[in-house]
Amino acid sequence: MANGGPVEHGFPHLETVREAVTALYRRLSRDTVQTFSVSVAPADVAFCDTDDLHLGAQRVARQIVRHFRLPDARLIVGFREMTHAANVELTAGPEYFVELNDRFRTHRGDIGAALAHEVAHVYLHRLGLAFGRTAENEILTDTVTAYLGAGWLLLDAYREDGVSSQKLGYLTPEEFGYVLAKRALLFGEDPSVWFTSPQAYAAYVEGMALAREDERQPPLTGAGWAGRRRYAHDRRHATGARPAAVYAFTPDPSGGPLRVSFPCPTCHQRIRVPVGGRVRARCGLCRSVLECDT
């Protein structure tokens with residue numbers, strides 16, 4: 001939790017974020033991801049200053065547990081002094097003990113954001129989905145929280161001005177914006193209407209710009225003129241993968257036509273198709289149908 005300190009910006013964890021989206025689809029399937037088409041509603045996690053601290057925290061926890069389809073999980077929420085925003089004991093359940101930073105006693109509006117990350121930990125624990133290193137696993141948790149409809153709370157908890165700052169989670173604000181934008185493009189849902197933080201909105205706009213760029217990379221037909229020209233040059237010379245390119249050319253081992261591989265703009269699994277003009281490709285993982293000009 002950045003509390004008054006510097007906030008990292010940009011997309012330093014982008015590769016891991018994309019790997020997390022792919023891993024989520026592989027573990028859940030497209031049909032299960034589709035069941036999360038509606039985000040956590042602001043009213044469900046609203047917390048007034050007049051609400052009882054502990055009863056209110058338990059109420060918000062129940063709402064997020066319900067969102068993640070964990071009906072038999074029970075969160076016991078407490079508060080203590082700590083460095084991080086929150087912590088959860090990942091046991092066999094059904095009870096999970098969550099500790100929140102004492103800061104949330106007076107910043108109750110952000111309790112939902114802290115609990116969203118911890119409930120996602122429980123969700124992934126039950127799925128058996130994890131990355132090897134702790135840092136990568138936290139990025140996975142933030143990505144899943146955002147992609148499945150609770151992570152807008154984490155981005156909305158980001159505030160920064162000339163004298164103070166606050167950010168929850170391990171992704172940068174722009175990376176949260178990117179994952180939320182990928183979700184918005186998938187479900188047609190605009191989370192920005194729920195933001196109370198103007199800095200969160202700016203980060204979401206930047207993330208959306210990058211998410212739309214994913215849909216404009218060759219050999220997709222939405223690629224711009226410059227990208228198409230570079231692609232045509234690389235195709236003529238069959239140069240494999242340029243450092244800045246997302247596509248790579250490989251010969252067909254059976255002697256057939258040259259093939260090109262590129263990441264699906266939805267789930268980032270690589271797709272491999274023959275080079276030979278217009279083609280419609282279907283991603284085998286998320287079942288997105290992609291118009292390509294190879």
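1. In this note a residue is called buried when its relative accessible area is under 20%, exposed when it is over 50%, and partly exposed in between, using a 1.4 Å probe and protein chains only. The model is predicted, with local features needing pLDDT of at least 70 and side-chain atom pairs counting only at pLDDT 80 or more, while totals for chains, interfaces and linings use all residues. Residues are numbered from 1 along each chain as its sequence is written, and side-chain values use heavy atoms, with hydrogens and water left out.

2. Helices (H or I, at least four residues) and strands (E, at least two) are DSSP runs numbered from the N terminus. Helix α9 has 13 residues, 225-237, which at 1.5 Å a residue should span 18 Å, and this agrees with the 19 Å between its end C-alpha atoms; the expected span is 1.5 Å times one less than the number of residues.

3. Which residues of α9 are buried? They are Gly227, Arg228, Tyr231, Ala232 and Asp234. Because they cover an arc of only 170° around the axis, they lie on the same side of α9, the arc being that of the directions from the helix axis to the C-beta atoms.

4. The buried residues of α9 pack against β7 (248-250), β8 (259-263) and β11 (289-293), where contact means heavy atoms within 4.5 Å. On the face of α9 turned away from its buried side, the exposed residues are Trp225, Arg229 and Arg236.
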